[in-house]
Amino acid sequence: MKGAARPCKAVSVGAFVVLLVFAFAGHAFGNKEPKFAYVANGGSNNVSVYTIDSTTGALTPVGSPVAAGLVPASVAVDPSGKFAYVANQNSHNVSAYTINSSTGALTPVGSPVAAGFFPVSVAVDPSGKFAYVANDCGNVSCSASTGNVSAYTINPTSGALTAVGSPVAAGTFPVSVAVDPSGKFAYVANGCDVSCSVNGNVSAYTIGVTGALTPVVGSPFPAGSNPNSVAVDPSGKFAYVVNQCVSNVSCSNGNVSAYIINSSTGALTLVGTFAAGSGPVSVAVDPTGKFAYVANINSNNVSAYAINPTTAALSLVDSPVAAGTFPVSVAVDPSGKFAYVANFGSNNVSAYIINSSTGALTLVGTFAAGSGPRSVAVAGASCVPFAAHRFTVEIDLHSPSQFDIHGSFKLGATSDGINPLTEAVTLTLGTYSVSIPPGAFRKDGRGFEYHGVINGAFLEMEITPLGHNRFLFEAEGRNANLTGTTNPVELDLSIGDDCGTTQVHARFRR
């Protein structure tokens with residue numbers, strides 16, 4: 001997730017060992033309703049908390065801002081919506097908080113944990129097991145030094161962070177870190193040196209079972225002038241980096257670099273650059289993977305783009321939409337309905353409704369924040385918990401690794417139904433996660449069916465209505481990365497705004 005700008009399925013699986021324990025009704029995956037927004041205020045050293053109106057996207061403050069460290073530069077929320085993390089630039093540490101599931105209020109988790117020098121960006125992996133922090137400066141002097149990335153494990157009960165070894169080297173002035181949806185790779189945007197005489201680049205890492213980072217072969221990969229933010233689309237196929245450009249480089253406006261991600265190695269292939277406004281500093285991709293948004297700090301606006309699902313190319317949706325003064329961070333609500341922009345210069349947050357067909361933004365209003373807001377994050381995904389669900393799973397960790405899921409679920413009383421033809425379907429099984437975008441399923445008799453390859457895994461999925469809001473669910477996969485999956489195995493399923501999660505015990509064939 002972006003901090004602030006720096007000044008200047010499948011095949012036969014009959015041979016699997018059968019998972020013997022059934023999983024019955026469980027809790028919803030994360031705190032999906034209601035939704036909360038969090039803003040790190042770098043000038044007032046605190047975090048503003050808001051509830052989000054699920055119809056309009058408007059923000060309502062929750063109590064007074066919560067204390068953070070010195071110059072909090074970035075805030076991130078874990079996928080379950082239970083914990084929030086803030087990178088404190090000038091106190092060189094990371095604050096952890098638990099989130100009140102009813103109010104959104106934050107409660108500190110112990111004392112802040114040490115990071116590297118000048119941490120400016122924090123991100124949590126999709127499994128919620130690991131957190132990563134980009135440390136802008138590798139030494140105290142910060143004179144054209146090489147920064148690094150700190151890795152942490154997350155305690156699933158308390159949210160506390162524990163460092164994973166020593167920070168790993170990145171490029172010059174790493175300012176933004178993001179993790180791909182599969183949890184296999186992490187990417188860091190490295191800004192240019194003090195003089196900006198050369199372009200920055202993007203470091204890529206594989207994520208190990210322990211959360212440790214290992215540089216991808218060929219890393220770092222080229223970017224434009226002064227990269228300032230990196231984001232990965234929900235399919236894990238594309239990455240985007242905004243290049244801010246600076247006054248002492250011969251360019252008037254910045255741009256966005258688009259990359260295709262090698263699903264096996266994590267390597268990046270640059271496919272093109274696309275014009276942005278003046279001084280782009282933050283990029284976010286919506287949860288459907290159809291749209292991207294860029295905050296332009298010098299032109300005080302937000303650019304909206306449609307994403308070509310085959311080439312990763314960006315097409316401007318319309319003219320940039322006005323934001324506040326010096327917009328420095330953009331985030332999209334996980335339901336894909338709203339976008340939020342933290343405006344550093346006007347001490348507020350702009351809220352927008354996203355047109356689900358075109359991606360265009362309509363301003364809802366601006367809402368007061370603390371002094372110098374530098375980062376915004378959103379918790380929740382408007383999810384209606386399943387009323388009940390029951391699954392069996394078979395797992396084989398031999399190469400190629402395989403899984404087989406059979407079960408059923410019943411929609412919650414407030415659900416408005418599901419339609420896999422038009423809604424995203426996301427499945428997490430242990431350490432493996434996949435998101436199937438809207439339009440990928442097809443109608444098959446009474447039910448819905450998907451066959452395809454995502455991130456190198458061959459998948460089959462079937463969702464069949466049984467009547468009375470009950471559905472049969474079956475999924476099979478081969479070449480799915482289940483490395484590190486242990487008992488109890490967590491299974492999460494979401495279809496549009498309906499979801500459920502549970503844990504089961506497995507016997508593995510290894």
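This is a predicted model: local features need pLDDT of at least 70, side-chain atom pairs count only at pLDDT 80 or more; totals for chains, interfaces and linings use all residues.
## Basis of the values

Local features are reported at pLDDT of at least 70 and side-chain atom pairs at pLDDT 80 or more, while totals for chains, interfaces and linings use all residues. Residues are numbered from 1 along each chain as its sequence is written, and side-chain values use heavy atoms, with hydrogens and water left out.

## Nonpolar cores

A nonpolar core is a set of buried Ala, Val, Leu, Ile, Met, Phe, Trp, Tyr and Cys residues joined through side-chain atoms within 4.5 Å. Buried denotes under 20% relative accessible area, exposed over 50%, and partly exposed the range in between (1.4 Å probe, protein chains only). The largest such core holds 35 residues, and those with the most contacts inside it are Phe 403, Ile 405, Phe 409, Leu 429, Met 461 and Phe 473. Among the strands that each supply at least two residues of this core are strand 36 (402-410), strand 37 (425-429), strand 38 (432-436) and strand 43 (489-495); strands are DSSP runs of E with at least two residues, numbered from the N terminus. A second, separate core of 17 residues includes Val 230, Val 232, Val 241 and Leu 268.

## Strand 43 and its partners

Six of the seven residues of strand 43 are buried. Strand 43 pairs with strand 37 in the antiparallel sense over five bridges, where two strands pair if DSSP finds at least two bridges between them. Within this pairing, Thr 426 has Ser 494 as its bridge partner.

Strand 43 also pairs with strand 44 (residues 498-504), again antiparallel, over seven bridges, and Asp 492 stands opposite Thr 501. These two strands form a hairpin with two residues between them, and Gly 496 in the turn has a positive phi of about 60°.

## Aromatic pairs

The structure holds six aromatic pairs. Rings of Phe, Tyr and Trp (its six-membered ring) pair if their centres lie within 6.5 Å; planes under 30 degrees apart count as stacked, over 60 as edge-to-face and the rest as tilted. The pair of Phe 403 and Tyr 432 is tilted because its planes stand at 45°, with the centres 5.8 Å apart. Phe 403 has a relative accessible area of 0%, and Tyr 432, at 7%, also counts as buried.

## A buried asparagine

Asn 135 lies in strand 11 (residues 130-137) and counts as buried at 0% relative accessibility. A polar contact of 2.9 Å joins its side chain to that of Ser 150. Such a contact is a pair of N or O atoms within 3.5 Å; within protein, one must be able to donate a hydrogen and the other to accept it, and residues adjacent in sequence count only if both atoms are side-chain atoms.

How values were computed
Helices (H or I, at least four residues) and strands (E, at least two) are DSSP runs, numbered from the N terminus.
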